Amino acid sequence: MYFSLNSWSYVFLFMTLTALAIIGKPSVAAVVYRPSPWALAHATFYGDETASETMGGACGYGNLFSNGYGIDTAALSTTLFNNGFACGTCYQIKCVKSPWCYSGVQFTTVTATNLCPPNWAKDTNNGGWCNPPRVHFDMSKPAFMKIAQWKAGIVPIMYRRVPCIRRGGLRFYFQGNGYWLLVYVMNVGGGGDIAKMWVKGSKTGWISMSHNWGASYQAFATLTGQSLSFKITSYTSKETIICWNVAPANWNVGLTYKSNVNFH
């Protein structure tokens with residue numbers, strides 16, 4: 001078959017656009033989050049060995065067992081919590097420079113699921129462990145007991161941000177009503193955090209959602225009877241992915257809907 005120079009130009013243009021379309025597909029997460037340097041902080045624990053007191057929390061993840069977070073969690077001091085934008089972030093923590101540290105334990109990994117609020121009635125160095133500007137982790141007791149003896153109460157630690165390893169795609173838990181959609185985003189991989197979020201009904205364009213608190217975002221719009229898609233931007237990596245047709249047209253509040261897309 002004979003191709004003129006002009007024909008080859010069209011072929012090259014088609015191949016280039018096709019390649020760009022493949023690279024730009026929302027199901028492909030090209031950005032990989034990398035660990036941060038180690039830094040010094042302190043850690044305490046709350047609750048008992050069952051970790052029942054860690055359920056719920058300021059991030060809004062509800063039952064941490066059924067939603068995939070388990071017992072290896074921590075509440076962050078205000079400095080780290082960042083008004084809820086740190087919800088879902090993951091950290092490696094190791095006990096250092098204390099006789100209470102377990103020898104031979106390199107680190108344990110936890111997910112941020114709660115806020116450790118300030119205690120202004122106590123001094124920052126004597127009970128007010130989560131007072132700004134302190135960087136502090138209030139860990140679940142089972143997680144704390146992986147790095148140190150619980151009798152220590154508080155131990156110096158080294159910590160670093162690490163990628164969150166999650167199975168499956170993002171999960172979306174719906175609350176609200178026919179005119180107000182409140183969505184809790186869970187099982188976030190990569191940086192684990194979210195900066196911006198949009199929702200798209202099958203009859204609408206992209207609608208920007210505002211940050212409510214913790215890991216929840218809201219949209220004041222009438223979206224009943226429409227299938228819903230979501231666009232999410234990572235707070236840390238700035239990567240944006242799209243989860244198409246996450247919820248069917250007959251979606252309802254009180255249910256969790258799963259996607260097949262995630263950050264890495």
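Reader: How much space lies in the largest cavity?

Author: About 60 Å³. Keep in mind that this is a predicted model.

Reader: What makes that space a cavity rather than a pocket?

Author: A cavity is a set of points where a 1.4 Å probe fits but cannot get out, whereas a pocket is an open set. The structure holds two cavities of 30 Å³ or more.

Reader: Which residues line the largest cavity?

Author: Tyr-61, Gly-84, Phe-85, Cys-87, Val-185, Val-188, Gly-192, Asp-193, Ile-194, Gly-214, Ala-215 and Tyr-217. They divide into eight nonpolar, three polar and one charged. Domain 1 (39-162) and domain 2 (170-259) each supply at least three residues of that lining.

Reader: And how does the lining of the second largest cavity divide?

Author: Into four nonpolar, seven polar and two charged residues. Of the 13 in that lining, Gly-190, Gly-191, Ser-234, Ser-237 and Phe-263 lie nearest the centre.

Reader: What about E8 and E11, how many bridges join them?

Author: Four, and these two strands run antiparallel. Tyr-184 has Ser-216 as its bridge partner in E11.

Reader: Which way do the residues of E11 point?

Author: Ser-216 and Gln-218 point one way, Tyr-217 and Ala-219 the other. In a regular strand the side chains alternate between the two faces of the sheet. Those four residues of E11 are all buried, the cut-off being under 20% relative accessible area.

Reader: What is the strand order in the whole sheet?

Author: Eight strands form an open sheet, E13-E12-E9-E10-E11-E8-E7-E14, with antiparallel pairing.

Reader: What makes E13 and E14 edge strands?

Author: Strand E13 (240-247) and strand E14 (256-258) each pair on one side only. Neighbouring strands of this sheet are turned by 30° against each other on average, direction ignored.

Reader: Why is Asn-187 called buried?

Author: Because its relative accessibility is 4%, and buried means under 20%. Asn-187 lies in the loop between strand E8 (180-186) and strand E9 (196-201).

Reader: And why is Lys-238 called exposed?

Author: Lys-238 has 56% relative accessibility, and the cut-off for exposed is over 50%, so Lys-238 counts as exposed. Its place is in the loop between strand E12 (228-233) and E13.

Reader: Which kind of peptide bond joins Pro-132 and Pro-133, cis or trans?

Author: A cis one, with omega about 5°. Pro-133 is found in the loop between strand E4 (108-116) and strand E5 (136-140).

Definitions and conventions: Residues are numbered from 1 along each chain as its sequence is written. This is a predicted model: local features need pLDDT of at least 70, side-chain atom pairs count only at pLDDT 80 or more; totals for chains, interfaces and linings use all residues. Side-chain values use heavy atoms; hydrogens and water are left out. Two strands pair if DSSP finds at least two bridges between them. Axes are lines fitted to C-alpha atoms, for helices over the stretch in contact, and angles run from 0 to 180 degrees between N-to-C directions. Buried means under 20% relative accessible area, exposed over 50%, partly exposed in between (1.4 Å probe, protein chains only). On a 1 Å grid over the protein atoms alone, a cavity is a set of points where a 1.4 Å probe fits but cannot get out, and a pocket is an open set with protein on both sides within 12 Å along at least five of seven lines; lining residues have an atom within 4 Å of a point. Grid points are joined across faces, edges and corners, and a volume is the space filled by probe spheres set on the points. Ala, Val, Leu, Ile, Met, Phe, Trp, Tyr, Cys and Pro count as nonpolar, Asp, Glu, Lys and Arg as charged, and the others, Gly among them, as polar. Domain bounds come from an automatic or database domain assignment.
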